[in-house]
Amino acid sequence: MSDSADLPDLAELLDAYDQQLRDGPHGPDLARDQDGPLLRLTGDSRAFVTAPRDLGLTGAALDALIARQQAHFAARGRRVEWKVRGHDLPTELPERLLAAGFVPEQPATVLVGRTERLALPAGRDPALPAGVGVRRTTDPGDADRIAELESAVWGQRIDTIAPFLKGRLAADPEGIAILLAEADGQLVSAGWLTLPRGCDFAGLWGGATLERWRGRGVYQALVAHRARIAQRLGHRYLQVDASAQSAPILRRLGLAAITTCVRYVWTPPPLPRPGEGDQPAA
C-alpha cells in the first residue's frame, strides 16, 4: 500500500508501526490497565481500548472479550473508542464490534512520511497568504480557541480537545507541539504534534482549517513546521490518521498509505442517579 519511493517497504513500516504505536494515546488523565491482550485507558472525559495486531481470539471468546470491555466502561459511565486497523486480526473483529453495539466513525487512511522530506530547510518558511502567521503556543487559553475552531470546521461540538491539550501542556509540555495559524488575531487553522519519547513516529493531529482559508497553503505550512520540530527531536517519520479531506493533500506532500483505520465507539446507557431505579419491596 506504500506509494512513496523514499520509504521502507510496507512490511518494514507496518512492523515498526505495530511495535511502537499500539499503546494508545497518552495523557496525564489516562489510567492504564490490561485485560488479556487488550490495554484499557480510562480518563476523566475519554476512554480507549487498544489491541495488538492479532488478538488471537475468534468467535465466542472474542465476543466475551468485547462484552467485558462494555461492562468495564459501563460501570464507569465512559464512552469508549476501539481503533481497528485494516491489517488487524481476526478479520471478523469489525462485525463482532458492530453486533455488540459499537458504532463506526468515518474510515481514515494511515499515512506515513519522512520528516526530513516534509520539513523545510532551516531558515526557509513555507509560503503563506498575506497577513497569515504561524506560531507555536504553550498557552492553555489557546486550547479553548482550538476547540472552537475544530467544532466550527466539523460542524459538531467537540468537548474533549481543550481538556486534552491543557492536560498535555501541564503534564508533559515537551511531548506536544501546538501550532496556530492566525490572520489579524483570528485563528484560521491549528494542529498539534505528539512526540512520544524513544519512538520513530511523531503524530500529526488536528489540522483543521476554516473553509475560506483552504487551498491557500495554510495547512501545508502547519505540516512543514511540525515536521521540522519532529526532525529536530530525532523522529524519523510523521504519522497521521488522515480523513478523506486531508489524505490527498498529505499524499501530494509525500506521505504514503500503509494501512487504514476505523474508530468504533460504544456509548453506555446513563448510570442511574441516586434514588432512581426499583424500590425495595415493603
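Predicted model: local features only at pLDDT ≥ 70, side-chain atom pairs only at ≥ 80, totals over all residues.
Residues are numbered from 1 along each chain as its sequence is written.

Helices (H or I, at least four residues) and strands (E, at least two) are DSSP runs, numbered from the N terminus. Strand S4 covers residues 80-85. Of its 6 residues, 6 are buried, so S4 is largely enclosed by the rest of the structure. Buried means under 20% relative accessible area, exposed over 50%, and partly exposed in between (1.4 Å probe, protein chains only). In a regular strand the side chains alternate between the two faces of the sheet. Both faces of S4 are covered. Val 80, Trp 82 and Val 84 are buried on one side, and Glu 81, Lys 83 and Arg 85 on the other.

S4 has strand partners (two strands pair if DSSP finds at least two bridges between them). Strand S3 (residues 47-50) runs parallel to S4 and is joined to it by 2 bridges. Here Phe 48 stands opposite Glu 81. Strand S12 (residues 256-266) pairs with S4 in the antiparallel sense, over 6 bridges. In S12, Arg 263 is the bridge partner of Lys 83.

A nonpolar core is a set of buried Ala, Val, Leu, Ile, Met, Phe, Trp, Tyr and Cys residues joined through side-chain atoms within 4.5 Å. The largest core has 48 residues. Ile 146, Leu 165, Leu 193, Leu 238 and Leu 250 touch the most other members. Among the elements that each supply at least two residues of this core are helix H5 (141-154) and strand S9 (186-194). A second, separate core of 18 residues includes Ala 47, Leu 65, Phe 73 and Val 262.

The whole structure holds 4 aromatic pairs. Rings of Phe, Tyr and Trp (its six-membered ring) pair if their centres lie within 6.5 Å; planes under 30 degrees apart count as stacked, over 60 as edge-to-face and the rest as tilted. The ring centres of Tyr 17 and Phe 201 lie 6.5 Å apart with planes at 90 degrees, so this pair is edge-to-face. Tyr 17 in helix H1 (residues 10-20) and Phe 201 in strand S10 are 184 residues apart. Tyr 17 is buried, at 1% relative accessible area. Phe 201 is also buried, at 1%. For Phe 102 and Trp 266, the centres are 6.4 Å apart and the planes at 35 degrees, so the pair is tilted.

Methods:
Heavy atoms only, no water.
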